[in-house]
Amino acid sequence: MAVTGALDELVTANRILAREGVVDAFGHVSIRHPEYPDRYVLSRARAPECIDVEDLMTFTLDGAPIEPARRHPYAERHIHGAIYEARPEIQAVVHNHSPSVIPFGITGTQLRPVMHMCASMGSRVPLWDSRTAFGDTNLLVTNMAMARDLAATLGNHPVALMRGHGCVVAGSSLRDVVFNAVYLELNADLQMKARSLGEITFLSEREVEAVLNTRSSFTYERAWEYWCRRAGRPYDRQPVGGPLVDKI
Ligand SMILES: [Zn+2]
């Protein structure tokens, strides 16, 4: 995709995540730069609902802005660079304080898939606690040392929880990462509701694998078009092929 189209899609991703309640005034989504894989594109520090193309900035993986530093970047941009640095296959990253996800980072209760649409999160979601390596901080990931530590906990998983803070979601495309972030919030909400009714039967590891192995890019397109409509953004159809590389 041309750079211009990719930037428009990144604006759309910001608006969708805001519309679907995954981010509020805080939280952010980035893409690996389409032409320079050692850079990423992320908005200046602004609420995702308000972001437009002019707000987007390009950074090196260690978080330095490419442009003259006239604009105020997100303090937690390092999260994105550290994940792109550790995971060459990752093309898009979301960091959020998704409200229903937070309780699972502070209680020891595992967040696990309860519904087939939520299988993208994987069977096991690792938890990163900033206190383990960095002691008592303000919990913000404001340097590469913390971000690399978080990326190490994420490992090869698509999602990691951040104790007392939020989570990160990493994906093979912008559509993939937005899909996973939206359904992660839904899964967390459903899991809490189900728990109040009784014992939960979670998706098995093999069911999770079966969902991901049979999901085609059409699933992501159908969701993306729907979310574009709800967010008041134009829908740019992508070619629909076989299963996406979403087995991460
Ligand atoms: Zn944060």
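**Close-up views of a predicted model**

**View 1. Helix H6 and the residue that follows it.** Helix H6 covers residues 174–197, and because its 24 residues at 1.5 Å a residue should span 34 Å, the 35 Å between its end C-alpha atoms agrees with that value; the expected span is 1.5 Å times one less than the number of residues. Helices (H or I, at least four residues) and strands (E, at least two) are DSSP runs numbered from the N terminus. After H6 comes Gly198, with a positive phi near 155°. The model is predicted, so that local features need pLDDT of at least 70 and side-chain atom pairs count only at pLDDT 80 or more, while totals for chains, interfaces and linings use all residues. Residues are numbered from 1 along each chain as its sequence is written, and side-chain values use heavy atoms, with hydrogens and water left out.

**View 2. The zinc site.** Glu76 (OE), His95 (NE2), His97 (NE2) and His165 (NE2) coordinate the zinc ion at 2.0 to 2.2 Å, donors being N, O and S atoms within 2.8 Å of the metal (3.2 Å for Na, K and Ca), and since water is not among the atoms, sites may look incomplete. Along the chain, the donors follow the spacing E-x18-H-x1-H-x67-H. Glu76 lies in the loop between strand E3 (56–60) and helix H2 (78–86), whereas His95 belongs to strand E4 (residues 92–96), so the pair ties together parts that are 19 residues apart in sequence. Glu76 counts as buried at 6% relative accessibility, and His95 is buried at 0% (buried means under 20% relative accessible area, exposed over 50%, partly exposed in between, with a 1.4 Å probe and protein chains only).

**View 3. Tyr40 against Tyr84.** Among the six aromatic pairs of the structure is the tilted one of Tyr40 and Tyr84, with 5.8 Å centre to centre and 35° between the planes. Rings of Phe, Tyr and Trp (its six-membered ring) pair if their centres lie within 6.5 Å, planes under 30 degrees apart counting as stacked, over 60 as edge-to-face and the rest as tilted. The pair links Tyr40 in strand E2 (residues 39–43) with Tyr84 in helix H2, 44 residues apart.

View 4. Phe179 and Tyr220 form a tilted pair, 4.9 Å centre to centre with 55° between the planes. Phe179 lies in helix H6 and Tyr220 in helix H8 (residues 217–231), so this pair ties together parts that are 41 residues apart in sequence. Ring pairs link Phe179, Tyr183, Tyr220 and Trp227 into a cluster.
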